[in-house]
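Here's a quick tour for anyone meeting this protein for the first time.

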Amino acid sequence: MLVEFLKKLRPYTLLIAVSLGFLVFCFFTYVEWSAPLKPMAHAAGESLPVILFFILFFAFSKITLHQMMPRAWHFILIVYQIATTAILAFYLKNFPDSCDTVILEGILICLITPTAASASVITGKLGGNESALTTYIILSNLAAAVAIPLLFPLFCDMGNNTFFHDCFLILKHISPILVLPLVLTVLIRTFTPKLHQLIIRKTKDIGFYMWAFIIVVVSAKTFSNIAASDKSTLEITIMAAIGFVMTIMQFALAKGIGQFGHQRISAGQALGQKNMVFGLWVTLTYLTPTVAIIPGTYIIWQNIVNAWQMWYRERNLRRWEKNGEQVYQE
């Protein structure tokens, strides 16, 4: 009975997670007796890299290395990720006073931020190609690790750090989440195949619910950043609208590109679903907390888009099953 109830709630899980994030923010902001519980909230935030590690570990467990061959759309999206960032970086360098730099820097973060580790989980739920998406996760993170220390010095002060220092700093931040799960998966598959099969059987949906927990934590942090901002309501609304436009644009653009390789779902998630935990870290490390509002709202918008896609997929599944039609898979 509980399983059936959770199954019915699944299409709405991401919306529920965003709503819970807002309630958590309200609880710790406006309820006085929540103060003793704040260390627990801090611990939840600190646990995110560990949770992301396991999400990617479970994703790697489902695929083999030969399934992770690069595809043409991978390179098209990588070029888009770097080229658009470079254009904005050079514009900020040459015309720093011609526009609102906070807005442009926020857009730039939405462009350069790599694909979320959890995107493979959502891709699988939507009928996409998890192995192709997992490959792109690695490629987009490596691209960001090179592009950020190369392009950010054009428009912001990164101190006296060298390119290699900042590149190493970023790789140090993302490598434990990307490389270690892959290495661990290969070792388990090679030396303990029975354990590998057990992991595949018993962890089918756990990555999805781990991602829902991350959304609760990150959404609460996003609402907290918005509340702490010194920007006016109108300015915050404009920044949230920009986050919405960037979300829709990147999902739609990538789906159009993926259409040519018959991987519309996978490409859409690759470019649309961003690792904004990393994006916010980059923003707060190299830019300003105010800039973080745009990528922060992107987190909320991308999960609303994902929630709608899951609801739409679930509705079609019921229709396909009722009519005896084949379920769409990439």
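Two residues are said to be in contact when they have heavy atoms within 4.5 Å. Keep in mind that this is a predicted model. Let's begin with what sits inside, then turn to the gaps.

**The nonpolar core**

- The largest nonpolar core is made up of 95 residues.
- Leu-77, Ile-148, Phe-152 and Tyr-286 are the ones with the most contacts inside that core.
- Helix α11, which covers residues 206-228, supplies the largest share of this core, with 12 residues.
- Take Ile-148: setting aside neighbours within four places in sequence, Ile-148 is in contact with Ile-112, Pro-153, Met-158, Ile-170, Phe-278, Val-282 and Tyr-286.

- How many cavities of 30 Å³ or more does the structure hold? There's one.
- The largest cavity has a volume of about 70 Å³.
- Residues lining the largest cavity include Trp-211, Ile-214, Lys-274, Asn-275 and Gln-302.
- By type, the lining of the largest cavity splits into eight nonpolar residues, three polar and one charged.

**The open space**

- The largest pocket holds about 1100 Å³ of space.
- It's lined by 38 residues, and the closest to the pocket's centre are Gly-45, Glu-46, Leu-48, Val-217 and Lys-221.
- Elements giving two or more residues to the pocket lining are α2 (13-30), α3 (38-46), α4 (48-61), α8 (130-151), α9 (163-191), α11 and α14.
- Which element gives the most to the lining of the largest pocket? That's α11, with eight residues.
- The pocket lining divides into 25 nonpolar residues, nine polar and four charged.

**The cysteines**

- A disulfide is a covalent bond between the sulfur atoms of two cysteines.
- The count of disulfides here comes to zero.
- For Cys-167, the nearest cysteine sulfur belongs to Cys-156 and is 15 Å away, and Cys-167 is in no disulfide.
- Is Cys-167 buried or exposed? Cys-167 has 11% relative accessibility, so it counts as buried, the cut-off being under 20%.
- Cys-110 is buried too, with a relative accessible area of 0%.

Conventions. Residues numbered from 1 in each chain as written. Predicted model: local features only at pLDDT ≥ 70, side-chain atom pairs only at ≥ 80, totals over all residues. Heavy atoms only, no water. Core = buried A, V, L, I, M, F, W, Y, C linked by side-chain atoms within 4.5 Å. Buried < 20%, exposed > 50% of the residue type's maximum accessible area, 1.4 Å probe, protein only. Helix = DSSP H or I, 4+ residues; strand = E, 2+ residues; numbered from the N terminus. 1 Å grid on protein atoms, 1.4 Å probe; cavity = no way out; pocket = protein on both sides within 12 Å on 5 of 7 lines; lining within 4 Å. Points joined across faces, edges and corners; volume = space filled by probe spheres on them. Nonpolar A, V, L, I, M, F, W, Y, C, P; charged D, E, K, R; others polar. Disulfide = S-S within 2.5 Å.
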